[in-house]
Amino acid sequence: MRPLVVLPTYDEAANISEVLRRIRAAVPDAHILVVDDNSPDGTADLAERDAVGLGQISVLRRPRKSGLGSAYRSGFVQGMAEGFDVLIEMDADLSHDPAALPSLLAAVQHGADLAIGSRYVPGGTIPNWSRRRKFLSRWGNRYAAGMLGLAVNDATSGFRAYRASVLDAIDLTRVRADGYGFQIEMAYAVVQRGGRVVEVPIAFTDRVRGQS
(Lines give C-alpha, C1' and ligand atoms only; values in the text may rest on other atoms or scores of the structure.)
Protein backbone atom coordinates (compact mmCIF):
# COMPACT_ATOMS: atom_id res chain seq x y z
CA MET A 1 0.00 0.00 0.00
CA ARG A 2 1.02 3.61 -0.63
CA PRO A 3 -0.35 5.60 2.33
CA LEU A 4 -0.70 9.37 2.50
CA VAL A 5 -1.21 11.11 5.85
CA VAL A 6 -3.25 14.28 5.35
CA LEU A 7 -2.43 16.73 8.13
CA PRO A 8 -4.48 19.97 8.22
CA THR A 9 -2.81 22.82 10.10
CA TYR A 10 -3.60 26.28 11.35
CA ASP A 11 -1.20 27.85 13.86
CA GLU A 12 0.47 24.57 14.83
CA ALA A 13 4.06 25.87 15.05
CA ALA A 14 4.33 24.46 18.58
CA ASN A 15 3.52 20.92 17.44
CA ILE A 16 4.29 20.49 13.74
CA SER A 17 7.91 19.35 14.04
CA GLU A 18 7.15 16.75 16.69
CA VAL A 19 4.11 15.34 14.95
CA LEU A 20 6.00 15.02 11.67
CA ARG A 21 8.90 13.22 13.39
CA ARG A 22 6.55 10.86 15.18
CA ILE A 23 4.59 10.07 12.02
CA ARG A 24 7.81 9.31 10.18
CA ALA A 25 8.92 7.01 13.04
CA ALA A 26 5.58 5.18 13.10
CA VAL A 27 5.16 4.74 9.34
CA PRO A 28 8.57 5.27 7.69
CA ASP A 29 7.31 4.67 4.14
CA ALA A 30 4.26 6.95 4.31
CA HIS A 31 4.09 10.28 2.53
CA ILE A 32 2.75 13.24 4.50
CA LEU A 33 0.74 16.12 3.06
CA VAL A 34 0.49 19.17 5.33
CA VAL A 35 -2.55 21.23 4.31
CA ASP A 36 -1.94 24.65 5.80
CA ASP A 37 -4.55 27.42 5.82
CA ASN A 38 -2.09 30.34 5.72
CA SER A 39 -1.05 30.00 9.38
CA PRO A 40 0.18 33.36 10.73
CA ASP A 41 2.69 31.58 12.98
CA GLY A 42 4.69 30.11 10.08
CA THR A 43 3.56 26.48 10.41
CA ALA A 44 3.97 25.87 6.67
CA ASP A 45 7.52 27.20 6.68
CA LEU A 46 8.45 24.90 9.57
CA ALA A 47 6.91 21.91 7.79
CA GLU A 48 8.91 22.64 4.64
CA ARG A 49 12.08 22.94 6.71
CA ASP A 50 11.42 19.59 8.40
CA ALA A 51 10.68 18.00 5.03
CA VAL A 52 14.32 18.44 4.04
CA GLY A 53 15.50 16.13 6.78
CA LEU A 54 12.56 13.75 7.06
CA GLY A 55 11.69 13.36 3.39
CA GLN A 56 8.39 12.47 1.70
CA ILE A 57 6.62 15.55 3.07
CA SER A 58 4.71 18.01 0.90
CA VAL A 59 2.99 21.23 1.94
CA LEU A 60 -0.22 22.45 0.33
CA ARG A 61 -0.56 26.16 1.10
CA ARG A 62 -4.12 27.45 0.98
CA PRO A 63 -4.79 31.21 0.88
CA ARG A 64 -7.10 31.42 3.88
CA LYS A 65 -8.65 29.52 6.77
CA SER A 66 -11.35 27.46 5.07
CA GLY A 67 -12.28 24.77 7.58
CA LEU A 68 -11.28 21.23 8.49
CA GLY A 69 -13.60 19.44 6.08
CA SER A 70 -12.42 21.59 3.20
CA ALA A 71 -8.78 20.87 4.09
CA TYR A 72 -9.38 17.13 4.08
CA ARG A 73 -11.26 17.27 0.78
CA SER A 74 -8.35 19.15 -0.80
CA GLY A 75 -5.85 16.66 0.60
CA PHE A 76 -7.86 13.65 -0.53
CA VAL A 77 -8.25 14.99 -4.06
CA GLN A 78 -4.52 15.63 -4.36
CA GLY A 79 -3.63 12.26 -2.84
CA MET A 80 -5.89 10.31 -5.17
CA ALA A 81 -4.55 12.23 -8.17
CA GLU A 82 -1.05 11.17 -7.13
CA GLY A 83 -2.03 7.51 -6.88
CA PHE A 84 -1.99 6.85 -3.13
CA ASP A 85 -3.89 3.72 -2.03
CA VAL A 86 -4.78 4.79 1.51
CA LEU A 87 -5.66 8.30 2.69
CA ILE A 88 -5.23 8.94 6.42
CA GLU A 89 -6.56 11.89 8.35
CA MET A 90 -5.37 12.99 11.78
CA ASP A 91 -4.94 16.12 13.90
CA ALA A 92 -1.63 17.94 14.06
CA ASP A 93 -1.86 18.81 17.77
CA LEU A 94 -0.77 15.33 18.98
CA SER A 95 -4.23 14.49 20.32
CA HIS A 96 -3.96 11.56 17.89
CA ASP A 97 -0.95 9.39 18.69
CA PRO A 98 1.00 8.58 15.51
CA ALA A 99 1.96 5.25 17.10
CA ALA A 100 -1.58 4.05 16.27
CA LEU A 101 -1.07 4.55 12.51
CA PRO A 102 0.17 0.99 11.84
CA SER A 103 -3.03 -0.40 13.41
CA LEU A 104 -5.22 1.73 11.13
CA LEU A 105 -3.22 0.70 8.07
CA ALA A 106 -3.39 -2.96 9.10
CA ALA A 107 -7.18 -2.74 9.30
CA VAL A 108 -7.34 -1.42 5.73
CA GLN A 109 -4.86 -4.02 4.55
CA HIS A 110 -7.14 -6.69 6.00
CA GLY A 111 -10.25 -5.51 4.19
CA ALA A 112 -11.60 -2.34 5.80
CA ASP A 113 -12.66 0.46 3.48
CA LEU A 114 -12.65 2.84 6.43
CA ALA A 115 -10.66 2.26 9.61
CA ILE A 116 -11.68 4.59 12.44
CA GLY A 117 -9.49 5.28 15.45
CA SER A 118 -12.20 4.87 18.05
CA ARG A 119 -12.51 6.11 21.62
CA TYR A 120 -15.64 4.05 22.22
CA VAL A 121 -14.65 0.45 21.60
CA PRO A 122 -12.92 -1.81 24.13
CA GLY A 123 -9.40 -0.51 24.63
CA GLY A 124 -10.25 3.03 23.55
CA THR A 125 -9.70 5.75 26.14
CA ILE A 126 -10.01 9.51 26.68
CA PRO A 127 -7.64 10.43 29.52
CA ASN A 128 -8.42 13.55 31.53
CA TRP A 129 -11.91 14.20 30.12
CA SER A 130 -14.63 15.02 32.64
CA ARG A 131 -17.57 12.65 33.00
CA ARG A 132 -19.86 15.33 31.54
CA ARG A 133 -17.70 15.80 28.45
CA LYS A 134 -17.46 12.05 27.90
CA PHE A 135 -21.23 11.72 28.27
CA LEU A 136 -21.97 14.49 25.76
CA SER A 137 -19.54 13.07 23.21
CA ARG A 138 -20.80 9.51 23.63
CA TRP A 139 -24.43 10.63 23.50
CA GLY A 140 -23.81 12.70 20.37
CA ASN A 141 -22.24 9.71 18.65
CA ARG A 142 -25.10 7.43 19.63
CA TYR A 143 -27.65 9.98 18.43
CA ALA A 144 -25.91 10.37 15.05
CA ALA A 145 -25.58 6.61 14.66
CA GLY A 146 -29.23 6.06 15.54
CA MET A 147 -30.54 8.74 13.19
CA LEU A 148 -28.42 7.54 10.26
CA GLY A 149 -28.52 3.82 10.95
CA LEU A 150 -24.76 3.64 11.40
CA ALA A 151 -23.23 0.68 13.24
CA VAL A 152 -20.35 2.92 14.29
CA ASN A 153 -19.45 3.78 17.89
CA ASP A 154 -17.26 6.81 17.16
CA ALA A 155 -18.50 8.48 13.98
CA THR A 156 -17.04 11.85 15.04
CA SER A 157 -13.45 10.60 15.34
CA GLY A 158 -11.03 12.50 13.12
CA PHE A 159 -8.32 9.81 13.24
CA ARG A 160 -9.07 7.43 10.38
CA ALA A 161 -7.83 5.75 7.22
CA TYR A 162 -9.77 5.43 3.95
CA ARG A 163 -9.15 3.05 1.12
CA ALA A 164 -8.70 5.25 -1.95
CA SER A 165 -11.24 3.26 -3.96
CA VAL A 166 -14.06 4.10 -1.54
CA LEU A 167 -13.14 7.79 -1.60
CA ASP A 168 -13.16 7.62 -5.38
CA ALA A 169 -16.75 6.37 -5.22
CA ILE A 170 -17.79 9.40 -3.14
CA ASP A 171 -18.36 12.71 -4.89
CA LEU A 172 -16.29 14.84 -2.51
CA THR A 173 -17.59 18.05 -4.11
CA ARG A 174 -21.00 17.21 -2.64
CA VAL A 175 -19.67 16.74 0.92
CA ARG A 176 -20.38 20.06 2.60
CA ALA A 177 -20.17 19.44 6.34
CA ASP A 178 -17.20 20.61 8.39
CA GLY A 179 -15.70 19.65 11.76
CA TYR A 180 -17.45 16.75 13.48
CA GLY A 181 -20.20 16.88 10.88
CA PHE A 182 -17.66 16.12 8.16
CA GLN A 183 -16.57 12.96 9.94
CA ILE A 184 -20.16 11.77 10.36
CA GLU A 185 -21.09 12.57 6.76
CA MET A 186 -18.05 10.73 5.41
CA ALA A 187 -18.71 7.63 7.52
CA TYR A 188 -22.32 7.64 6.30
CA ALA A 189 -21.17 8.01 2.68
CA VAL A 190 -18.85 5.01 3.02
CA VAL A 191 -21.60 2.82 4.49
CA GLN A 192 -24.11 3.95 1.84
CA ARG A 193 -21.72 2.68 -0.82
CA GLY A 194 -21.38 -0.71 0.81
CA GLY A 195 -18.02 -0.01 2.39
CA ARG A 196 -16.76 -1.96 5.36
CA VAL A 197 -16.04 0.10 8.50
CA VAL A 198 -13.69 -1.19 11.22
CA GLU A 199 -13.01 0.58 14.52
CA VAL A 200 -9.55 0.40 16.06
CA PRO A 201 -9.12 1.43 19.73
CA ILE A 202 -7.10 4.58 20.36
CA ALA A 203 -6.28 6.89 23.25
CA PHE A 204 -7.39 10.46 22.57
CA THR A 205 -5.44 13.14 24.47
CA ASP A 206 -6.19 16.87 24.50
CA ARG A 207 -3.52 19.16 23.11
CA VAL A 208 -0.75 20.19 25.48
CA ARG A 209 0.95 22.95 23.49
CA GLY A 210 -0.34 25.78 21.33
CA GLN A 211 -3.79 26.99 20.37
CA SER A 212 -5.35 26.52 16.93
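User: What should I keep in mind about the numbers and the cut-offs?

Analyst: Residues are numbered from 1 along each chain as its sequence is written, and side-chain values use heavy atoms, with hydrogens and water left out. Since this is a predicted model, local features need pLDDT of at least 70 and side-chain atom pairs count only at pLDDT 80 or more, while totals for chains, interfaces and linings use all residues.

User: How many helices and strands does the chain have, and what makes a run count as one?

Analyst: There are seven helices and seven strands. Helices (H or I, at least four residues) and strands (E, at least two) are DSSP runs, numbered from the N terminus. Along the sequence they follow the pattern β-α-β-α-β-α-β-α-β-α-β-α-α-β.

User: Why is the chain called as compact as a globular protein of that length?

Analyst: The radius of gyration, taken over C-alpha atoms, is set against the globule rule, 2.2 Å times the number of residues to the power 0.38. For 212 residues the rule gives 17 Å, and the chain comes out close to that at 16 Å, so it is as compact as a globular protein of that length. The C-alpha trace spans about 45 × 40 × 30 Å along its principal axes.

User: What makes β3 and β7 edge strands?

Analyst: The open sheet has seven strands in the order β3-β2-β1-β4-β6-β5-β7, with mixed pairing. β3 (57-61) and β7 (197-201) each have a single partner strand, so one side of each is left without a neighbour in the sheet. From one strand to the next, the twist averages 20°.

User: How do you know that β1 and β4 pair?

Analyst: Two strands pair if DSSP finds at least two bridges between them. Strand β1 (residues 3-9) and strand β4 (residues 86-89) are joined by four bridges and run parallel, so they pass the cut-off of at least two. Leu-4, for one, has Leu-87 in β4 as its bridge partner.

User: Which strands does α3 touch, and how is its direction set?

Analyst: α3 packs on the sheet, touching β1, β2 (31-36), β3, β4 and β6 (160-163); contact means heavy atoms within 4.5 Å. The direction of α3 makes about 150° with that of β1. Axes are lines fitted to C-alpha atoms, for helices over the stretch in contact, and angles run from 0 to 180 degrees between N-to-C directions. Helix α4 (residues 101-109) also packs on the sheet, touching β1, β4, β5 (114-118), β6 and β7, and its direction makes about 150° with that of β5.

User: Why is the Tyr-72 and Phe-76 pair called stacked?

Analyst: Rings of Phe, Tyr and Trp (its six-membered ring) pair if their centres lie within 6.5 Å, and planes under 30 degrees apart count as stacked, over 60 as edge-to-face and the rest as tilted. By this rule there are four aromatic pairs. Tyr-72 and Phe-76 sit 5.9 Å centre to centre with 20° between the planes, hence stacked. They are four residues apart in helix α3 (residues 68-81), so about one helical turn separates them. Trp-139 and Tyr-143 are stacked too, at 5.4 Å and 15°; they lie in helix α5 (residues 131-148), again four residues apart. Ring pairs also link Tyr-72, Phe-76, Tyr-162 and Phe-182 into a cluster.

User: Why is Pro-40 called exposed?

Analyst: Its relative accessible area is 63%, so Pro-40 is exposed. Pro-40 lies in the loop between β2 and α2 (43-54). Not counting residues up to four places away in sequence, Pro-40 touches Tyr-10 and Asp-11.

Definitions and conventions:
Buried means under 20% relative accessible area, exposed over 50%, partly exposed in between (1.4 Å probe, protein chains only).
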